[in-house]
Amino acid sequence: MSDFKPTVIVTGGAGFIGSALCRYLVGGGLAKVINVDKLTYAANLASLGSIEDSPDYAFRQVDICDGAGVRGVFEEFAPDGVMHLAAESHVDRSIDGAAEFVETNLLGTFQMLEAARGYWQGLEDGRKPGFRFLHVSTDEVYGSLGADGLFAETTAYDPSSPYSASKAGSDHLVTAWHRTYGFPAVISNCSNNYGPFHFPEKLIPLMILNCLRHRPLPVYGKGDNVRDWLYVDDHAKALWLIWSKGRPGEKYNVGGRNERTNIEVVRRVCQLMDRYAPDPPAGGHERLITYVTDRPGHDARYAIDATKLETELGWKAEEDFDTGIEKTVRWYLENQDWWQPILDGSYAGERLGLKS
Ligand code: NAD
Ligand code: TDX
């Protein structure tokens, strides 16, 4: 059985984390992947160029809110499980307009659960016990930490933004489907990811690309909010472990033990840009740092206790922040053909999240 290669539906596989997961699963020969993605502004099929011709990879453009469309994918591919990542993911956009967050994150997750449950119930006895549904969620469901402490799997939910509230609601649906129907679902809650192929509305790629364009680096508030940074490929490995070895009904926190204040992150990006893309006549990149109006409802600090994942499933982050951020900056410098079309099209770097 060790040669068994499961067939897995990955939703949101054209996004940042989903594409890293598809590359890991297909490139590593771990699974056959069906990427189910609506292709919103955040999607980019160019992130999948390295695997798009593989016989172990297929793509279907389907909205997860479309129950019939989702059921059709189950019928066509008869998968061994689901890794559900499709979501509206950007906190600032959820402040400007929450409707798509409620639709995709809550109602879309409901449609995925119902389609998967119906399919799972109809599976023959030999395949039924192995079926798994991994719901990929965020540490933002736990709300904000003070100066001390870490989020554990037992921490009470206390979401602050429309985004995190919609993710919290989706987590509750998944838990209910396990408790009520015995549906073999597992949940992961991860901290901030970073790395290649990250959409430039997010802090780290926005700072790199603004440095390149000599634009201000907008730091919200005082820059003292803390995030716990995880390199995206370490997250992909964690997700595979949780899908293949995690216990149904359980939650697993995923985090890199790499807490940084936002201003520390921005300064580090500036230092790396000074090294790899210096511009002596203009001066060091830190000159571009600009403090701007804070994000409404801005959580002060996130930090994950990943002990359960480390001890139960043997996961460990391989990248620390210093090595990961250097790789990331260099990737953006070497891959203008990936990000330039985004800046020319769907997102040019404007401030989001201030509409009320
Ligand atoms: P992303 O915004 O980069 O990608 C999301 C993908 O989902 C896109 O390809 C988009 O087209 C697709 N999608 C959106 N709505 C859809 C719909 N209705 N039907 C089908 N596809 C749809 O997001 P990401 O950063 O890769 O995050 C992936 C998942 O991981 C999300 O569930 C997010 O909540 C979670 N997460 C993200 C982070 C992070 O730091 N980025 C951290 C923890 C958890
Ligand atoms: O221009 C900026 N300036 C700034 O100071 C941006 C875009 C962000 N920030 C701050 C806000 C946050 O404290 O940087 C921090 C990181 O911001 P984002 O990149 O927007 O990420 P965050 O809001 O922390 O959420 C991310 O991690 C958790 C993902 O977008 C979520 O999908 C995930 O659940």
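A polar contact here is a pair of N or O atoms within 3.5 Å; within protein, one of them must be able to donate a hydrogen and the other to accept it, and residues adjacent in sequence count only if both atoms are side-chain atoms. Keep that in mind for ligand 2, which has a nitrogen atom 2.8 Å from a polar backbone atom of Pro218.

What you're looking at is a predicted model, where local features need pLDDT of at least 70, side-chain atom pairs count only at pLDDT 80 or more, and totals for chains, interfaces and linings use all residues. Residues are numbered from 1 along each chain as its sequence is written, chains are lettered from A and ligands numbered from 1 in the order in which they are written, and side-chain values use heavy atoms, with hydrogens and water left out.

| Residue atom | Ligand 2 atom | Distance |
|---|---|---|
| Tyr163, polar side-chain atom | oxygen | 2.6 Å |
| Pro218, polar backbone atom | nitrogen | 2.8 Å |
| Arg227, polar side-chain atom | oxygen | 2.9 Å |

On its own, ligand 2 has 660 Å² of accessible area, and the protein covers 93% of that (Shrake-Rupley method, 1.4 Å probe; for residues, only the protein chains shown count as cover). Helix H6 (203-212) and strand E8 (217-220) are the elements that give two or more residues to the shell; helices (H or I, at least four residues) and strands (E, at least two) are DSSP runs, numbered from the N terminus.

Now for another spot: Gln121 sits in helix H4 (residues 99-121). Its C-alpha atom is separated by 24 Å from that of Gly12, 109 residues apart along the chain.
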